[in-house]
Amino acid sequence: MENQISFFSSFGLNDVFFMAEAAYRTLLISVVSISIGTVIGGIFGWMLFEGRISATILLGPILDVFRSVPLIIQLVLFYNFAPIIGFDLDAFESGLVILTLYTAALVANVVRGGIASVGEPMRRAARSLGMNYWQDLRYVVFPIGVRAIFPSWVGVALGVLKDSALVSVLGYVELLRASQILMTRTQEPLLIIAVAGAFYFALSYPISRFSASFERKWSQ
Amino acid sequence: MFDYNFHWRPVLKSLPDLLEASLVTLQVAVLSMIIGIVIGLFLSVLKLKARGPLKWFATCWIELARNTPALFQLFFFGFGLGALGIHLTPFFIVLAGLSFNNAGYLAENFRGGFNAIPETQLKAARSLGMTLWHAYTRILVPQVLRIVYYPMTNQFVWAVLMSSLGMLVGFRELSGETQFFASKTYRIFEYFAAAAIIYYIMVKLILFISKLLATRLFRY
């Protein structure tokens with residue numbers, strides 16, 4: 001039995017590069033959706049805070065849906081819904097849309113809390129100094145609010161980074177999907193799952209430490 | 001553009017099965033929450049009081065649970081332990097993954113709770129002749145559980161939402177059942193829309209009940 005053919009090959013250096021590329025795709029989809037989602041979420045949060053009845057009746061429940069339905073269900077639902085209304089989106093695009101909306105829904109809540117944390121007396125003072133509404137928002141509410149919400153925003157961003165693993169359900173080859181592919185080929189699940197975990201940890205842990213040290217510095 | 005025919009009849013016909021599966025979802029979420037609270041309490045005490053390997057162990061658990069995706073944790077308990085020859089059933093994979101995750105997140109909440117209780121209470125309890133175990137279980141822990149009541153309900157909602165990942169390891173809770181029926185009938189959109197509605201109602205019910213409980217628990 002010299003020329004025995006093996007269907008499985010072992011885990012090599014190439015595979016590490018494959019996983020690094022997949023980690024890049026994880027980072028890509030999360031960075032894009034977090035940045036767009038934060039902007040939209042900021043606007044939504046401001047609307048939730050300022051809007052009287054219209055926003056709380058219309059916007060609130062809609063954003064609430066994104067927070068009370070599992071992300072995986074949202075992804076599958078949207079992936080199958082988009083063709084019905086005539087959009088032909090691939091896995092990356094539908095994942096991006098849902099992750100962005102999900103981020104926006106979470107950020108909106110955080111931002112609303114942030115604006116509320118800037119006390120009413122502070123804002124009255126700004127207005128009585130002659131600032132108009134937008135100046136008050138730009139020079140008073142924004143700098144104070146950003147400090148207040150920064151830790152919870154980082155929490156949301158890290159959550160989205162981790163939840164982007166679910167886009168693999170649609171067939172987008174990100175870190176977890178890549179490790180599944182490698183597991184099937186090499187039959188070494190423990191090693192590969194450890195490498196995938198290390199990649200995630202390396203992406204997420206420094207950011208959470210950075211945010212914690214920032215928070216400590218600002219609270220002094 | 002709109003040439004898709006919705007068929008809701010199969011969904012209505014399998015609605016009893018879906019509702020039954022949502023009970024499985026609740027069951028695994030409640031169990032993982034109970035296990036998570038117990039382990040989380042131990043982890044937070046270890047992180048606060050212990051030294052050396054025990055503290056290191058608690059820190060590792062908490063950071064791993066918080067900095068890797070829940071899906072990765074499920075894969076670890078599914079494929080990773082499988083490589084070591086430990087084969088769990090899908091139910092135990094989901095239960096173990098969720099409990100691991102819950103314990104890590106709750107431990108951080110509990111740590112904040114323990115820090116909020118004055119150091120003198122423990123000393124007073126000890127000088128009254130209570131053992132360390134009694135001082136913790138009768139004096140400190142009940143107060144901590146009160147302080148972190150709302151974070152805990154949030155975590156419970158997360159556990160319900162996270163259990164949907166069971167679909168990817170072959171567990172027949174609400175999402176798994178939905179996927180089973182969806183692939184049997186090819187009515188993917190309709191089934192997942194139904195699942196989304198059931199999840200939404202479940203989450204709202206949980207929040208409502210927890211609010212009712214809070215008014216009863218915190219009367220004083």
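What do the side chains of R124(A) and E120(A) meet in, and how many Å separate N from O?

Reply: The model is predicted, so local features need pLDDT of at least 70 and side-chain atom pairs count only at pLDDT 80 or more, while totals for chains, interfaces and linings use all residues. Residues are numbered from 1 along each chain as its sequence is written, chains are lettered from A and ligands numbered from 1 in the order in which they are written, and side-chain values use heavy atoms, with hydrogens and water left out.

R124(A) and E120(A) meet through their side chains in a salt bridge of 3.9 Å, N to O; the term stands for a side-chain nitrogen of Lys or Arg within 4 Å of a carboxyl oxygen of Asp or Glu. Both residues belong to helix α5 of chain A, residues 120-128, and because they are four residues apart there, about one helical turn separates them. Helices here are DSSP runs of H or I with at least four residues, strands are runs of E with at least two, and both are numbered from the N terminus. R124(A) has 56% relative accessibility and counts as exposed, whereas E120(A), with a relative accessible area of 47%, is partly exposed.

E119(B) sits in helix α6 (residues 119-127) and K49(B) in helix α2 (residues 15-49), both of chain B, so the bridge ties together parts 70 residues apart in sequence. E119(B) is partly exposed at 47% relative accessibility, and K49(B) is partly exposed too, with a relative accessible area of 43%. Returning to chain A, salt bridges that share partners join E50(A), R123(A) and D136(A) into one network. Over all chains, the structure holds 11 salt bridges.

The lining has 18 residues in total, with G42(A), V111(A), I115(A), F142(A) and V146(A) lying nearest the centre of the pocket. On a 1 Å grid over the protein atoms alone, a cavity is a set of points where a 1.4 Å probe fits but cannot get out, and a pocket is an open set with protein on both sides within 12 Å along at least five of seven lines, lining residues having an atom within 4 Å of a point. The volume of the second largest pocket is about 490 Å³, counted as the space filled by probe spheres set on grid points joined across faces, edges and corners.

Nonpolar residues also gather into cores. In the largest nonpolar core, M19(A), I73(A), F110(B) and F114(B) touch the most other members among its 113 residues. Such a core is a set of buried Ala, Val, Leu, Ile, Met, Phe, Trp, Tyr and Cys residues joined through side-chain atoms within 4.5 Å. Apart from neighbours within four places in sequence, F114(B) is in contact with residues including L41(B), V45(B), Y136(B) and V144(B), contact meaning heavy atoms within 4.5 Å. A second, separate core of six residues includes L48(A), L59(A), F66(A) and A105(A).

As for chain B as a whole, its secondary structure comes to 10 helices and zero strands, and 47% of its 220 residues count as buried. Its C-alpha trace spans about 75 × 50 × 30 Å along the principal axes.

Conventions
Buried < 20%, exposed > 50% of the residue type's maximum accessible area, 1.4 Å probe, protein only.
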